[in-house]
Structures are given as C-alpha cells and as structure tokens.
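Here is my notebook from an afternoon of looking things up.

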Amino acid sequence: MDMEPILDVKQLTMKFGGLRALDKVDLDVYQGQIVALIGPNGAGKTTFFNCITGMYDPSGGDVLISPPKNGRPQRINGIKPNKVTEKGLARTFQNIRLFHNMTVLENVMIGCHCRMKAGILGAVLRGASTRREEEAVIQKSYTILKKIGLEKYVNDFAKNLPYGAQRRLEIARAMATDPFMLLLDEPAAGMNPQETHELDELIIRIRDTEGISILLIEHDMKLVMSLSDRIFVMDYGKKIAQGTPEEIRKNPAVIKAYLGEEIDA
Amino acid sequence: MLVNELKKSLFVSLWFMFLTFPIMVIQVNTVENIIQWRWANLFFVGVGSFVLSALWRYLIRRKEQGIQETEVDGVARVTLSQRLLNNRRFTIPALFVVSILALAFPFVFSLYQTNIMITAMIYVLLGLGLNIVVGVAGLLDLGYAAFYCVGAYSYALLNYHFGFGFWSVLGIGAGLAALFGIILGFPVLRLRGDYLAIVTLGFGEIIRLIMENWNAFSFGPSGIANIPRPGFFGVEMNIEQVTIYVYFLMIGMSLFTIFVVNRLQDSRIGRAWIALREDEVACQAMGIDKRKTKLMAFALGATWAGFAGVIFAAKTTFINPASFTLWESINILCVVVLGGMGSIVGVIVGAFVLILLPEYLRFLSEYRILAFGAVLVVMMVFRPGGIVETVRRTYQYKETA
C-alpha cells in the first residue's frame with residue numbers, strides 16, 4: 001500500500017482538565033478499508049470520534065485527511081463539525097440521534113443539506129433551479145433508503161421505527177452527505193444476532209459498491225473480527241495495539257486489557 | 001374501576017369543601033356583628049368540584065386510551081383538523097367562504113369590528129414570525145415583543161425626525177428588526193431551552209426599558225403621538241376609509257406572510273430549522289451550519305415583527321413602551337402554542353381565537369382573563385399539539401429500478 005492514508009491521525013491528544021482522555025493516539029485508514037477501533041468501556045473511543053469530527057477541539061496532535069477525489073492532505077482538527085462533514089467525513093452516534101419528529105425520508109434529506117445551495121431567496125421564489133435541486137434530493141434520498149433497505153418506512157416518523165431500522169437510518173443519513181469515509185459509533189449496539197448479521201452485510205456492501213471507507217467503534221467481537229481489515233485497540237486513552245484481526249486476537253496486551261492482569265489458574 | 005374513579009372524585013370534592021369552607025361558608029357580618037353560615041355554598045362547591053373532577057378524569061382516561069390505541073396500531077392518530085385540511089373537498093369551499101367573508105367584512109360590520117380584525121391580523125403576522133423561531137426552529141423566545149417594538153419605533157421616529165412615509169419605513173423597519181434579531185442571536189447561539197428563554201426575556205425588557213427611559217431618543221413613557229396613517233398615493237381619506245384601507249393592507253400582508261413562511265418552511269432552510277429543533281448535535285454532524293441556521297431563524301422571525309410593528313404604529317397613530325411589555329411577548333407565544341407549533345393554519349387560527357375571544361368575552365368582564373387561563377390549561381392538557389397540529393409533509397418520489 002503505497003498510497004496516502006485518507007485519514008491520518010497523528011499523536012492525537014485530548015485533555016479534560018487533568019484527565020487525558022486521549023494520549024498521543026495514532027491511527028490511519030486507507031481507501032477502501034474497514035477499520036475497527038475497539039477497547040474496553042471508557043477507553044476514549046468516542047472521544048476519539050468526537051475529536052476527528054469537530055465536536056471537540058483536540059488539545060494536541062493532528063488530524064489529516066486526503067479525500068480520494070482531491071488527494072491534497074489537509075489538517076482538519078479544530079474546524080466545526082459541519083465543515084468536517086462537508087469535507088467528507090460523516091458519522092453516526094452511539095446513542096441514536098435521529099430527528100425523531102421528521103419522516104425517514106426527511107432525515108435523509110437533511111443529510112443532503114450541505115450539498116445543496118438554495119438560500120432564503122431561492123426558497124421563497126422557488127425558481128426552476130431550486131425545484132430541480134429539491135427534486136434531485138428527494139430522489140437521491142429515496143435511492144439511499146432503498147440501498148439501506150428502509151424503503152418501506154419512507155414516510156414514517158423516525159421515532160416509530162424499530163430499533164435496528166433506526167440504527168440503519170443513521171447510516172443512511174450519514175451516507176446522504178456524500179462522504180468518502182463513514183465513522184460508525186457502535187452501529188450494532190443493542191441489535192439481535194439477525195440484525196447484526198444484516199448490518200455486517202450492509203457495511204461490506206457500502207464499502208464495495210459505494211467505495212466509502214469505514215472506521216467503526218464496536219464491542220461485538222464477532223462482527224469486528226469478520227468485518228475489519230485492520231483493528232486498533234485503545235485502553236485508558238492510549239493506543240495499545242494495531243494490526244489485522246488475527247494479530248489482535250493473539251496480542252497479549254489486548255488480552256490483558258480485556259481480561260485484566262495475568263490470570264493465574 | 002368506575003366506582004374507584006368516582007370515589008376519587010368524591011374525595012376531591014370533600015377536600016375542596018374543606019379547603020374552601022372558611023371563605024365560602026363563613027361570612028362575618030361586621031354591621032350586625034353576627035356570623036352568617038352559607039351552607040348552600042358548601043353544597044355548590046361540593047357538587048361543582050365533584051363534577052369537574054369526574055369530567056377531568058374521564059377526559060384524561062379517554063386521552064390515554066387514544067394513545068394506547070395508537071401504540072397498538074402503530075398508525076399515527078389523525079386528528080379531525082388534519083383530516084379536514086388534507087381534504088380538498090373541504091379546503092377549497094372553506095377558502096372560498098373565508099375570502100368572501102374577509103372581503104365583505106369591513107363593509108358589513110362596524111368600524112370597531114374592523115379594527116379588531118386588523119389587530120387580529122397583526123397578531124397573525126406576529127404569530128407566524130414567532131412560529132419560525134419557536135415552532136419550527138425550537139428556540140424559545142420570550143422577548144419577541146422587542147422586535148415588534150423596534151418596528152413600531154422605527155416608523156414613529158423616522159417619521160418624526162425625517163418625515164419618512166409608511167411605505168418606505170415598512171421595509172426599513174423590517175430590516176432593522178431583522179438586524180436586532182441577529183444582534184440578539186449572536187450571544188445566544190450556544191444557549192438552549194430555559195437559558196435561551198431567560199436571555200431573550202432579558203433582551204425584550206432591555207429594549208422596552210430603553211424606550212421608557214431614554215427620553216431624548218424615544219420620548220419616554222409618554223410615547224409618540226400623531227403618527228401618520230398609511231398613505232395611498234397621496235389620496236386624502238377619512239377615518240373610515242383609512243381603516244378599510246389598513247384592513248385590506250393587512251389582508252395583503254397576511255397573505256404575503258403566509259406565502260413566504262410556507263415556502264421557507266417547506267425548503268432546505270425549513271428542514272434545517274426543524275432538524276435544529278430535534279437535535280442540535282446531530283444537526284451539525286449532518287453538515288448544517290448551526291450558527292447560520294439559528295441566526296437566520298432569529299432574523300427572519302424578527303422581520304415579521306418589524307412589519308407588524310410598523311403597521312401597528314400606523315394603525316394606532318400613537319405608540320408608547322407600554323405596548324411592548326413581557327405580557328405582549330407571552331401573548332404572541334400563546335398564539336403560537338395554542339394554535340399549534342409549527343403549523344401555519346394553526347397559528348392563524350390561534351391568533352384569531354386569542355384576540356377575538358377576549359374581545360367577545362367582554363361580557364364576562366373581570367372573569368375574562370380567568371376564563372382565558374382556564375382555556376389555556378385545558379388546551380395544553382388535552383391537545384398539547386395545539387388547535388391545529390402540524391402535519392409532516394410527505395414527499396413524492398419516483399420508484400427507481
């Protein structure tokens with residue numbers, strides 16, 4: 001792999017007062033990869049996501065992206081979350097954060113927002129270009145819903161969807177922002193084995209057909225091991241291991257983090 | 001079950017009888033120095049509270065049953081108002097009747113009635129403007145009257161000092177109000193909910209207090225009188241003609257407002273506002289510029305208050321800070337909440353109900369506000385969505401292969 005990584009995180013540090021939630025974490029993702037970030041609860045995984053997506057302003061380190069379309073690497077830490085999304089990193093949330101009182105289609109249409117242009121005047125006058133844009137967005141949103149398999153819920157309120165469908169709608173909404181990379185925060189949390197299996201297939205399909213790379217936080221080891229090309233492991237804000245699923249499975253540091261100090265039988 | 005409910009109501013009525021005993025039953029007659037025992041009152045209190053309590057329980061139970069049914073069916077309950085609004089066979093004749101009524105009104109009814117209607121329509125403007133901020137974008141604004149004030153004073157002062165006419169100030173006033181909306185918007189960008197409400201309340205009071213105390217600028221509490229009524233190409237009009245003219249001007253403005261607000265809500269911007277109301281964090285993560293969207297909501301909301309203010313000043317020909325108190329803000333907020341947050345038809349209905357009801361409830365004299373309060377409480381318990389609840393738009397999409 002001699003390409004530039006599309007996401008290159010260097011020495012990322014986040015301090016909350018005296019607490020180092022992230023301590024010099026390095027991580028990179030290459031185009032077309034599915035990368036997992038794992039670690040025990042409180043390891044700093046979600047903080048890591050928040051730092052990358054602009055929710056937090058990191059105390060140190062660099063977040064560099066080089067979108068596949070224009071390969072110039074750019075530093076994105078410290079910019080606003082909406083700007084990060086505009087640059088092509090879209091995320092989902094650990095605790096579902098849909099727009100509950102909007103329909104499923106509208107949720108996805110919100111995702112298209114930053115790719116649309118209509119301003120106040122355009123909205124009021126509703127000229128031909130605005131109408132075309134609206135039309136295109138509706139169509140695009142519907143197509144995405146169909147890909148994710150949510151087309152039967154199109155006009156339902158997001159809050160009325162079954163749990164698994166809500167999680168998938170979050171992914172659909174993130175895809176609507178035309179990202180080159182999706183950041184999924186525990187996409188399988190609370191899903192039953194059947195739903196998890198469908199999610200597994202869905203994530204692979206997104207990668208293969210849409211060419212979107214994926215970085216995910218997940219606790220479901222079965223899912224992580226079967227999906228990921230590479231895995232990064234964090235504990236207490238530090239990266240403790242990285243490698244292929246096989247390597248991670250055998251890594252003593254990882255086993256220690258998950259199971260505690262040496263177990264004397 | 002029924003017996004149980006009735007028992008509870010009985011208990012409530014006994015409790016009420018006990019509580020109100022000293023004031024309702026015992027009366028000391030200081031002239032003859034005797035105590036009168038009005039036992040009949042005790043009976044009325046008992047029966048009254050029993051009936052009201054039973055009715056209350058019954059209605060609550062029916063409401064809960066409705067909710068349960070919705071949960072079982074999974075189908076959202078469609079209220080009567082929504083069904084009517086979606087039915088073209090109802091809406092077209094209804095629109096027709098309303099427009100005939102609106103056109104004929106000033107010629108049929110007295111000047112007094114026409115003036116009430118103009119006031120109601122000013123509240124339609126205010127309600128629709130505040131609806132953008134509170135109903136759609138979900139930013140609780142308790143200082144909305146400040147923008148109304150800005151609009152009114154900009155006409156009064158610009159006219160007094162520079163002789164600006166109504167039509168030129170209509171735009172300027174709205175622009176100034178929008179500017180104040182942005183000025184208020186900046187410091188409150190990070191705030192939400194209760195905190196936002198308190199800050200906007202403070203802002204509203206600041207504007208009013210400035211107007212009340214800065215005599216050199218705003219003539220203080222005595223206000224500004226002799227503000228010219230709107231002109232019509234320099235035609236001289238008597239009071240009756242002017243009122244009718246203002247009436248039709250208001251109809252025009254209302255239609256314009258409805259048109260613009262409807263288009264805004266049903267656009268990329270409107271969707272962003274709703275998303276902002278639903279979840280700010282997710283909204284930003286989806287690429288919506290929170291700062292820009294919020295400021296736009298504040299500015300556009302304030303614009304309509306500016307319009308309404310200019311027209312208000314021109315209609316009454318006299319303004320003073322007493323017209324722009326916190327009570328005014330709350331009144332406008334009531335229009336939005338009672339009518340139905342986010343619903344344009346709802347807000348219009350709300351404005352008419354809220355302005356016309358107290359007007360025509362005058363026969364209740366001092367109980368007017370009490371009755372009004374009771375209506376609000378009952379409304380919010382049984383129809384928290386307002387008189388006309390919003391219907392989410394469904395979009396037409398083409399089936400793709």
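**Entry 1: Glu170(A) and its neighbours**

I began by listing what Glu170(A) touches, leaving aside neighbours within four places in sequence: Thr92(A), Phe93(A), Ile96(A), Arg97(A) and Leu98(A) are in contact with it. Contact here means heavy atoms within 4.5 Å. I found Glu170(A) in helix H6 of chain A, residues 163–175. Helices are DSSP runs of H or I with at least four residues, numbered from the N terminus.

Is Glu170(A) buried or exposed? It counts as buried, because its relative accessibility is 1%. The rule I used calls a residue buried under 20% relative accessible area, exposed over 50% and partly exposed in between, with a 1.4 Å probe and protein chains only. I also saw that the side chain of Glu170(A) reaches the backbone nitrogen of Phe93(A) at 2.8 Å.

A note to myself on the source: this is a predicted model, where local features need pLDDT of at least 70 and side-chain atom pairs count only at pLDDT 80 or more, while totals for chains, interfaces and linings use all residues. Residues are numbered from 1 along each chain as its sequence is written, chains are lettered from A and ligands numbered from 1 in the order in which they are written, and side-chain values use heavy atoms, with hydrogens and water left out.

**Entry 2: where chain B meets chain A**

I looked up the contact next, and it takes 35 residues from chain B and 44 residues from chain A. The buried area between them is about 3700 Å², and carbon and sulfur atoms give 59% of it. Buried area is the accessible area (1.4 Å probe) that two parts lose on being put together, summed over both. Which three residues supply more of chain B's share than any other three? They are Arg268(B), Arg271(B) and Met286(B), with 22% of the area that chain B buries against chain A.

I then checked for salt bridges, and the rule finds 3 across this interface. The rule asks for a side-chain nitrogen of Lys or Arg within 4 Å of a carboxyl oxygen of Asp or Glu. In one salt bridge, the side chains of Asp266(B) and Arg126(A) meet at 3.6 Å, N to O. Among the helices of chain B that each supply at least two residues to the side touching chain A are H10 (239–265) and H13 (290–316). The largest share of that side, 7 residues, comes from H11(B).

**Entry 3: aromatic rings**

I counted 24 aromatic pairs over all chains. Rings of Phe, Tyr and Trp (its six-membered ring) pair if their centres lie within 6.5 Å; planes under 30 degrees apart count as stacked, over 60 as edge-to-face and the rest as tilted. Trp56(B) and Phe382(B) have ring centres 5.3 Å apart and planes at 75°, so I wrote them down as edge-to-face. Trp56(B) sits in helix H2 and Phe382(B) in helix H16, 326 residues apart. Trp56(B) is partly exposed at 36%, whereas Phe382(B) is buried at 19%.

**Entry 4: Ile132(B)**

My last stop was Ile132(B), in helix H5 (residues 111–136) of chain B. Its relative accessible area is 1%, so Ile132(B) is buried. Beyond four places in sequence, its contacts include Val261(B), Trp273(B) and Trp304(B).

How values were computed
A polar contact is a pair of N or O atoms within 3.5 Å; within protein, one must be able to donate a hydrogen and the other to accept it, and residues adjacent in sequence count only if both atoms are side-chain atoms.
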